[in-house]
Amino acid sequence: MGTWIILAVLAGIVLYGISLYNRLVKLRQMAGEGWSGIDVQLKRRADLIPNLLETVKGYMTHERELLEEVTRLRGQAVSNSNGSPEQRAGIEGALSGALGRLMAVAENYPDLKANENFKEFQEALEETENEISMSRRYYNGSVRNLNVAVESFPSNLIANRFGFVKAEYFEIENDADRAVPNVKF
C-alpha cells in the first residue's frame, strides 16, 4: 500500500513538472510572437520612409540635414533588424525622434501639408506608430510573464534545468520621450 502512495506522489510531481515545462514553453512562444509583431511593424515603418522622403524632398529644400538623418537612421534600423530588443529600441527610438522632427518641420510648408501623397504617408505612418505601440505593449507583457515564471519557485527549477532564460523588454531609450511635458499657462 505504501509503495502505491509513493508512486502516486512521484507521478503527481512528474505531471506537475511537465505542466510547468509546458507553461514555460507557452510563455516563451508568446514572447516570440510579440517580438514578431513588433518586427513586422518596424519593417512596415521602414518601408514607408523612402516614399515619404521622396514626397517631402521637393518641398523641404532647406531641411537637407534632417532628411539625411532620417535616411541614415532608417538604414541603421534596417541593417540592425536581427539585433536584440535593447539594440533595436535605441535605433528605433532615434528614428522615431527624427520622424517626429520631420513631421514638425512639415508644418512650416503649407503646400506640403496639402499634398495628398504626404497626407496618405502621414496617416500610414501614424497608424504604424500606433501598431508599434500596441505590439510593444503585448510583447512587454509576454516578456513580463515569461520572466516571472523563469524567476519564480518552483518553475525556476524547470527553467534552469531546460535552459529557459529571461527575455529583454523593448523599451524607449530616449529620456526626452519619457519626460512629462512642461505645460505653462
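Biologist: In the lining of the second largest pocket, how many residues are nonpolar, polar and charged?

Modeller: Rolling a probe the size of a water molecule over the atoms shows where empty space is left. This model is predicted, and here the lining of the second largest pocket divides into 3 nonpolar, 3 polar and 2 charged residues.

Biologist: Which residues line that pocket?

Modeller: You'll find S96, L99, G100, M103, Q122, L125, E126 and E129 around the second largest pocket. Helix 3 (85–106) and helix 5 (116–151) are the elements that give two or more residues to its lining. The space inside comes to about 180 Å³.

Biologist: Let's turn to the rings. How many aromatic pairs does the structure hold?

Modeller: A pair of aromatic rings is described by the distance of the centres and the angle of the planes. The structure has 4 aromatic pairs. Take Y21 and F164: their ring centres are 5.6 Å apart and their planes sit at 75 degrees, so this pair is edge-to-face. Y21 belongs to helix 1 (residues 2–57), while F164 is in the loop between helix 6 (155–162) and helix 7 (175–178), so to speak a link between distant parts of the chain, 143 residues apart.

Biologist: Is F164 buried or exposed?

Modeller: F164 counts as buried, at 4% relative accessibility. Y21 is partly exposed, with a relative accessible area of 31%. Y21 and F164 also form one aromatic cluster with F162.

Biologist: What about W35 and F170?

Modeller: With centres 5.4 Å apart and planes at 70 degrees, the rings of W35 and F170 make an edge-to-face pair. W35 in helix 1 and F170 in the loop between helix 6 and helix 7 are 135 residues apart, and both are buried.

Notes:
Residues numbered from 1 in each chain as written. Predicted model: local features only at pLDDT ≥ 70, side-chain atom pairs only at ≥ 80, totals over all residues. Heavy atoms only, no water. 1 Å grid on protein atoms, 1.4 Å probe; cavity = no way out; pocket = protein on both sides within 12 Å on 5 of 7 lines; lining within 4 Å. Points joined across faces, edges and corners; volume = space filled by probe spheres on them. Helix = DSSP H or I, 4+ residues; strand = E, 2+ residues; numbered from the N terminus. Nonpolar A, V, L, I, M, F, W, Y, C, P; charged D, E, K, R; others polar. Phe/Tyr/Trp six-rings, centres within 6.5 Å; stacked < 30°, edge-to-face > 60°. Buried < 20%, exposed > 50% of the residue type's maximum accessible area, 1.4 Å probe, protein only.
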